[in-house]
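Good morning, and thank you for making time for this presentation. Please have the sequence and the structure open before you as I speak.

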Amino acid sequence: MHALSLTPSSTASPTASHTQPLNANMRHNHQNYLPDQIQNNSTPRHAPRNGPSAPLSNATSVRSPVISAEGHWRHQVPVNAHHGYKEQEDSVELVNYQKNAMNAEDEMDEDGEYLDEIYMIIDAIVPRTDDSSLPALTFRVWFLGLIFGALICAINTLFTFRTNQVLITPFITVLLAYPIGMFMAKFLPFGVLNPGSFNYKEHALIYVICSCMSSTPYALYNIIGQKYQLYQDDLKLISCFCFALVTQVFGYGFAGLTRRYLVRPAAMLWPSNFATIAMLNSLHGKDDLSKGRYPMSRFKFFWLAASAMFFFTFLPQYVAPMLGAVSILCLAFRSSTDANTRKIALALGSSSPGAGMGFLSITFDWSLYTSVYFPITTPLWAILNQFIGSYLLLWIVVPLCWWFNAFGGDRLVGADTIYGFALNSPYLYDKNGSYVDNRNLVMQDPSNTANLMLNQQFYDSLKPFYITTAFAMQYVTAFVVFVAAIVHVSLWYGRDIWHRFRATMRDLDSEDIHAQLMDVYPDVPDWWYYSILLVTAVMGIAVCQFGGFDLPWWGVILAILLALVSMIPIGVIQAISGQQIGLNVMSEFLIGLLLPGRIAAVMAFKTFSYMAMYQGLLLVQDLKLGHYVKIPPRAMFLCQLVSTVIGALISTAVGCGVYESFGKKTVPVSPMHPLGFVWKIQLLATDEPNSGWNSAGYDTFLSAGAIWGAIGPARFFGPESPYFKTLLGFAFGLILPVIPWMMHKVQPDGPWHLINIPLLTIMPIQPNAQQSNLIAPLVVAIIVNYFIKKYRHTWWKKYAYVMSAAFDAGSTLSILFIFFMAKYQTSYLLPFPTWFLNPADTERCLPDSVLNCLSHETMGNGFGNKYDATQDPECSG
């Protein structure tokens, strides 16, 4: 059985490896930080439940079979009944009852074995003790949690506008809060401000607050798209705040109501919490994991590594951007005189936004890949699966589809750009291959100016509309992954999920020691969660009906039902197997068919349905952390709710404030849109390619809204569309996962159990981002999680995840410093002078003549000046 292994394996031993979530936007990704007891399959600190260390009243000792033998015997007609045929009939019944009883008992024993395996993993990390006298919700928790949370929330929101998004994970606060908490415990006056020693429960609650606040509201993409990118200037800020607040808190009701199924049972592991628990144990414990071999503290190591990364990041981000994208193919074929050769080299080797696929392009910029691949904290097997799939799709399938015009207009798209093509772009293109501004595709409803709809006349004059080959393949893989994840989990984990779910249903009022320890604390009444769900549902209907988001009342209810139906099954899959099945594309598909031509409604429905489940499961994950650490449920409730509300408000304010700071109301699109905003840092991928702040995520969200909402799935993916064939992804997702599963049945000792189709087929890239990040993270993962882990395991165990957090912190702080130093004042930019490692396109793929002109423009717009092309004879033609 392959219940607890990272990948399905031929043995039943528990390992440290757990399948990681498919959505790269998850807040935590540290699930393989497990101690040696699990990493090496050795004996855990405590015996299984039915061993000497088992709780006094454990589930095995009190559970009885569904069909008890005594009950069967009691209801039987005696064997020696008077009539012969009755004797025979009763004998058959008796045999059948006995078989049923034996089968039921066998199933119960099997469930017990599963639970024993679960306890082996939990016991290696989570103590079976609790001190209920420890204060949890203290002044230190609110002070440190809200300050760190607000900073992380604001910074992560700002970074959503970057070309390659960077995230500060809440895991960093586990390290930073510890010395400050100890300082406050030592110097603050004893009393309300200082109840005593800084303990692990306070520490865990600080992490939970930062965890809730670190996740940028998905609604922000909706708000920026409508209010600023589509010029819906009558969308009030109060409506935006309410929309963000409702969609963030909406899933909280579901999280609370499903906690009995997804949090309380031991079978619901949520292994991604183990890294945080292990770090808390190491900081608040007395043991030195290295036994004196590596005396430097984790905290000191963190600051040294973060400082080194802070200064190093100046090179690829400002002084020498070419270090962020060294294109081997472009440099090798730069002097080629054959036009086709140069074009192929550009399409394959260039990695700039709007250009090619970055084949053999190398980056030395940590920030370009850490928030996408998490190379140190992700299990090595998962990295290998992901990159094998990425290389196959991005370096082979996409270029071949582009070269052979698989979708009809692949080589036509972007023909008028400086590259002569477009592969890495999220934009729409017309029948001539020219870029189409989404604002021209959308118009206000004449009968209701608050509603946005398809500009039918504009659409008919330029159809068919095209997208880039890479963008089309993203939809193919989204269809594949959605179906493949269900099939893969059903085949490899189906039996495990069934047995554990059945065990969960029997153990709801459980004999689990951790549940017993939590029973000491007053639980949160269900009506608190019902109230939140009711209030947010009413607010959601109101803000969508009257706030300018165009989603009818039944659309909000449908989003609630979709989240409600998917929450438990998807939550069970994620809690047990580590895989989350995203609903964003499927929700777009559904509402696009029901409300074609209404882009705002489609984007709002996508945000509601997706975030209800996604945010709900993130909150469930933190509830499980509280269950492991024995945080009082009502303290957890307050921390999660308050931090989620504050985080939604801060993130919306920062997002809108940033866009208004860098937008200008001087670009009329039509008489219907007299005012509008333009992202001045970088308007298109071809303008100032090395800006690093092209708001790629928002452009992708808006283009998806135009495809699924304005144009609609029936038009864009229908039988007459060039993208009808993308729907084959559903069929591939159904078939592909079966192949390695069947081959594993034929060859149990073969490598087939290591093949994970959902990970192989997922495309983690962000269109319009720098695509030079496909080699470096794999190299880092192999060095750290194979060589160092194998040959310097003690060092790896003590410092590896600290190093990852330090590099994240150092690179993000450096990027912030450079942004406010050189980019923030758009009227007085400070570009670094052009030199060999600072070409205008960051990678020296374009011809020298184009690079020179781009360099003139970049430097001409710097230092408070305005570039005038008419005064540049070399480039004015």
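I begin with a term: two residues are in contact when heavy atoms of theirs lie within 4.5 Å. The model on display is a predicted one. With that understood, let us turn to Glu202. Which residues does Glu202 touch, leaving aside its neighbours within four places in sequence? They are Pro135, Ala136, Thr138, Arg140, Val141 and Ser197. Glu202 belongs to helix H7, which runs over residues 200-214. Its relative accessible area is 0%, and Glu202 is therefore classed as buried. The C-alpha atoms of Glu202 and Leu137 are 6.6 Å apart, although 65 residues separate the two in sequence.

Arg259 and Asp523 form a salt bridge through their side chains, at 3.5 Å from N to O. Arg259 lies in helix H10 (residues 259-262) and Asp523 in the loop between helix H21 (513-518) and helix H22 (526-546), so this pair ties together parts of the chain that are 264 residues apart in sequence. Arg259 has a relative accessible area of 9% and is buried, while Asp523, at 41%, is partly exposed. These two residues also belong to a network of salt bridges that links Arg259, Arg260, Asp523 and Asp526.

Another pair to consider is Arg264 with Asp519, a salt bridge whose closest N and O atoms are 3.1 Å apart. Arg264 is in the loop between H10 and helix H11 (274-284), and Asp519 is in the loop between H21 and H22, so here parts 255 residues apart in sequence are tied together. Arg264 is buried at 19% relative accessible area; Asp519 is partly exposed at 45%.

Let us step back to the whole protein. How many helices and strands does the protein have? There are 35 helices and 6 strands. The protein has 877 residues, and 59% of them count as buried. Among contacts with a separation of 6 or more, 80% come from residues 24 or more positions apart. The accessible surface amounts to about 33200 Å², and carbon and sulfur atoms account for 65% of that surface.

Helix H5 (residues 139-159) packs against helix H6 (residues 171-187) at an angle of about 145 degrees, and their axes are 11 Å apart. The crossing of H5 and H6 is right-handed. On the H5 side the residues that meet H6 include Phe139, Phe143, Leu144 and Phe148. On the H6 side they include Leu176, Ile180, Gly181 and Met184. Arg140 of H5 also takes part in this meeting with H6, and Arg140 is one of the residues in contact with Glu202.

On the surface, I would point to a nonpolar patch. Trp553, Trp554, Ile557, Leu561, Leu564, Leu590 and Leu594 make up this patch, and together they have about 630 Å² of accessible area. Helix H23 (553-577) and helix H24 (584-594) are the elements that give two or more residues to the patch. Helix H23 gives the most, with 5 residues. Ile557, in helix H23, is partly exposed at 33% relative accessible area.

Finally, some details of the backbone. Lys463 and Pro464 are joined by a cis peptide bond, with omega at about 5 degrees. Pro464 is in the loop between helix H19 (456-462) and helix H20 (469-506). Asn405 is not a glycine, yet has a positive phi of about 50 degrees. Asn405 lies in the loop between helix H17 (380-403) and strand E3 (428-429), and is partly exposed at 32% relative accessibility. Arg844 likewise has a positive phi, near 60 degrees. The loop between helix H33 (793-823) and helix H34 (848-860) holds Arg844, which counts as buried at 14% relative accessibility.

Definitions and conventions
Residues numbered from 1 in each chain as written. Predicted model: local features only at pLDDT ≥ 70, side-chain atom pairs only at ≥ 80, totals over all residues. Heavy atoms only, no water. Patch = residues over 30% accessible without salt bridge, like charges linked within 9 Å, V, L, I, M, F, W, Y side chains within 5 Å. Areas by Shrake-Rupley, 256 points an atom, 1.4 Å probe, with all protein chains shown as cover. Salt bridge = Lys/Arg side-chain N within 4 Å of Asp/Glu carboxyl O. Helix = DSSP H or I, 4+ residues; strand = E, 2+ residues; numbered from the N terminus. Buried < 20%, exposed > 50% of the residue type's maximum accessible area, 1.4 Å probe, protein only. Axes fitted to C-alpha atoms, helices over the stretch in contact; angles between N-to-C directions. Left-handed = near helix turned anticlockwise from the far one by under 90°.
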